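This briefing describes one protein model, grouped by topic. Please look over the sequence and the structure before reading on.

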Amino acid sequence: SDSVYLDVLTARDLEMLRRHANPQGPPTTNPAAAQSDKRYVILTYRAEFDKVHYPLPLPLDERSEEDVLRTMVTRLKSELSQAQD
């Protein structure tokens, strides 16, 4: 059974995931990037034998509060549902 998941992560969250996935890998090339306010929607597609992540950058919104992000995720879910029909 195929599944699609959505997560909203910060640049810092992504860096922590990279380090967890590859602890022996090189350190971040730009430490300022990890402190960025930039956010990403991570679209994860999971099938029987596959798991693919699609990181999609969100436009920077000075009002990037929880309600704004929830509204955006709801809109993206709706668009995804319409695209699947």
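Residues 24 or more positions apart account for 58% of the contacts in the protein with a separation of 6 or more, a contact being heavy atoms within 4.5 Å. The model is predicted, so local features need pLDDT of at least 70 and side-chain atom pairs count only at pLDDT 80 or more, while totals for chains, interfaces and linings use all residues. Residues are numbered from 1 along each chain as its sequence is written, and side-chain values use heavy atoms, with hydrogens and water left out.

**Overall make-up**

- The protein has three helices and three strands; these are DSSP runs numbered from the N terminus, helices being H or I of at least four residues and strands E of at least two.
- Read from the N terminus, the order of elements is β-α-α-β-β-α.
- Of the 85 residues, 18% count as buried; buried means under 20% relative accessible area, exposed over 50%, and partly exposed in between, with a 1.4 Å probe and protein chains only.
- The accessible surface comes to about 7000 Å², and 51% of this surface belongs to carbon and sulfur atoms; the areas come from the Shrake-Rupley method with a 1.4 Å probe, and for residues only the protein chains shown count as cover.

**The sheet**

- Three strands form an open sheet in the order β1-β2-β3, with antiparallel pairing; two strands pair if DSSP finds at least two bridges between them.
- The edges are held by β1 (3-10) and β3 (51-57), and each has a single partner strand, so one side of each lacks a neighbour in the sheet.
- From one strand to the next, the twist averages 20°; axes are lines fitted to C-alpha atoms, for helices over the stretch in contact, and angles run from 0 to 180 degrees between N-to-C directions.
- Eight bridges join β1 to β2 (residues 39-46), and the two run antiparallel.
- In that pairing Ser3 stands opposite Arg46 of β2, and Val8 stands opposite Val41 of β2.
- Seven bridges link β2 and β3, also in the antiparallel sense, and a hairpin of four residues joins β2 to β3.
- On the β3 side, Lys51 is the bridge partner of Arg46, and Pro57 is the bridge partner of Tyr40.
- In a regular strand, side chains alternate between the two faces of the sheet.

**Helices on the sheet**

- Helix α1 (residues 11-21) lies across β1 and β2, at about 115° to β1.
- Helix α3 (residues 66-84) packs on the sheet and touches β1 and β2, its direction making about 155° with that of β1.
- Ala11, Leu14 and Glu15 are the buried residues named for α1.
- These residues cover an arc of only 100° around the axis, which puts them on the same side of α1; the arc is that of the directions from the helix axis to the C-beta atoms.
- An α-helix has 3.6 residues a turn, so residues three or four places apart point the same way.
- Arg12 and His20 are exposed, on the face of α1 turned away from its buried side.

**Nonpolar core**

- The largest nonpolar core has five residues: Leu9, Ala11, Leu14, Tyr40 and Ile42. Such a core is a set of buried Ala, Val, Leu, Ile, Met, Phe, Trp, Tyr and Cys residues joined through side-chain atoms within 4.5 Å.
- The elements giving two or more residues to this core are α1 and β2.
- Beyond its neighbours within four places in sequence, Ile42 is in contact with Tyr5, Leu6, Asp7, Leu9, Leu14, His53, Tyr54 and Pro55.

**Two individual residues**

- Asp2 belongs to the segment before β1 and counts as exposed because its relative accessibility is 53%.
- Residues up to four places away in sequence aside, Asp2 touches Tyr45, Arg46, Ala47 and Glu48.
- Asp2 and Asp50 are 48 residues apart in sequence, with 9.3 Å from C-alpha to C-alpha.
- Leu56 lies in strand β3 and counts as partly exposed because its relative accessibility is 41%.
- Not counting residues up to four places away in sequence, Leu56 touches Arg39, Tyr40 and Val41.
- Leu56 and Val41 are 15 residues apart along the chain, and their C-alpha atoms are separated by 5.1 Å.
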